[in-house]
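User: I am new to this structure and would like to know what lies behind the terms used for it. Please take me through them one at a time.

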Amino acid sequence: MTVSSLATAVAVGTLLGLIGRWTLPTGRRIPFWVPLALAVGAAVLGTVIGRLAGIDASGVSPMEVILQVVFAGAAVTLVVTTAEPRPSEGRHDVGGAR
């Protein structure tokens, strides 16, 4: 993995992580750093898998960037859709009664 590949993976992951965080429904409870960290990690994983699959360029190839976007997007989508909903304020269900 080259330095430019790693830098691109970090940039793609950060961008998609921020987009995912900003589009996160307001009713979800998730720390700010979680989508960022997962997106960066997934983008780096996309680079590693691309290299293992034979995408071996001296710099950053378009296919490598596509893999980074796909992996980071999938990670952000997963964390955004599975985040725990915030409990509604002022409403306390005791024993299932409303």
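Analyst: Of the 98 residues of the chain, 32% count as buried. The model is a predicted one.

User: What is the make-up of the chain in helices and strands, and in what order do the elements run from the N terminus?

Analyst: The chain has 3 helices and 2 strands. Starting at the N terminus, their order is α-β-α-α-β.

User: Why is Glu-64 called buried?

Analyst: The cut-off for buried is under 20% relative accessible area. Glu-64 has 1% relative accessibility, so Glu-64 counts as buried. Glu-64 lies in helix H3. Apart from neighbours within four places in sequence, Glu-64 is in contact with Ser-5, Thr-47, Arg-51, Ile-55 and Gly-59.

User: What makes the pair of Arg-51 and Glu-64 a salt bridge?

Analyst: The rule asks for a side-chain nitrogen of Lys or Arg within 4 Å of a carboxyl oxygen of Asp or Glu. In this pair the closest N and O atoms are 3.1 Å apart, and Arg-51 forms a salt bridge with Glu-64. The pair links distant parts of the chain, with Arg-51 in helix H2 and Glu-64 in helix H3, 13 residues apart. In general, side chains of opposite charge can pair when their charged atoms come close.

User: How do you know that the length of H1 agrees with its number of residues?

Analyst: H1 has 20 residues, which at 1.5 Å a residue should span 28 Å; the end C-alpha atoms of H1 are 28 Å apart, so the two values agree.

User: What do the spans of H2 and H3 come to?

Analyst: H2 has 20 residues and reaches 28 Å from its first C-alpha to its last, close to the expected 28 Å. H3 has 21 residues and reaches 30 Å, close to the 30 Å expected at 1.5 Å a residue. After H2 comes Gly-54, with a positive phi near 110°.

User: Why are the buried residues of H1 said to line one face of the helix?

Analyst: The buried residues of H1 are Ser-5, Ala-9, Val-12, Gly-13, Leu-16, Gly-17, Gly-20 and Arg-21. Seen down the axis of H1, they fall within an arc of 160°, so they line one face. An α-helix has 3.6 residues a turn, so residues three or four places apart point the same way.

User: Which exposed residues does the face of H1 turned away from its buried side carry, and what do the buried residues of H1 pack against?

Analyst: The face turned away carries the exposed residues Val-3, Leu-15 and Trp-22. The buried residues of H1 pack against H2 and H3. For one of the buried residues, Val-12, the contacts beyond four places in sequence are Gln-68 and Val-69.

User: What covers the buried residues of H2 and of H3?

Analyst: For H2, the cover includes H1 and H3. The buried residues of H2 include Pro-35, Leu-36 and Ala-42. For H3, the cover includes H1, strand E1 (28-29) and H2. Leu-67, Gln-68 and Ala-75 are among the buried residues of H3.

User: What makes Val-34 and Val-80 count as buried?

Analyst: Both values are set against the cut-off of under 20%. Val-34 has 15% relative accessibility and therefore counts as buried. Val-80, at 14%, also counts as buried. Val-34 is found in helix H2, while Val-80 lies in helix H3.

Definitions and conventions:
Residues numbered from 1 in each chain as written. Predicted model: local features only at pLDDT ≥ 70, side-chain atom pairs only at ≥ 80, totals over all residues. Heavy atoms only, no water. Contact = heavy atoms within 4.5 Å. Helix = DSSP H or I, 4+ residues; strand = E, 2+ residues; numbered from the N terminus. Expected span 1.5 Å × (residues − 1). Buried < 20%, exposed > 50% of the residue type's maximum accessible area, 1.4 Å probe, protein only. Arc of directions from axis to C-beta.
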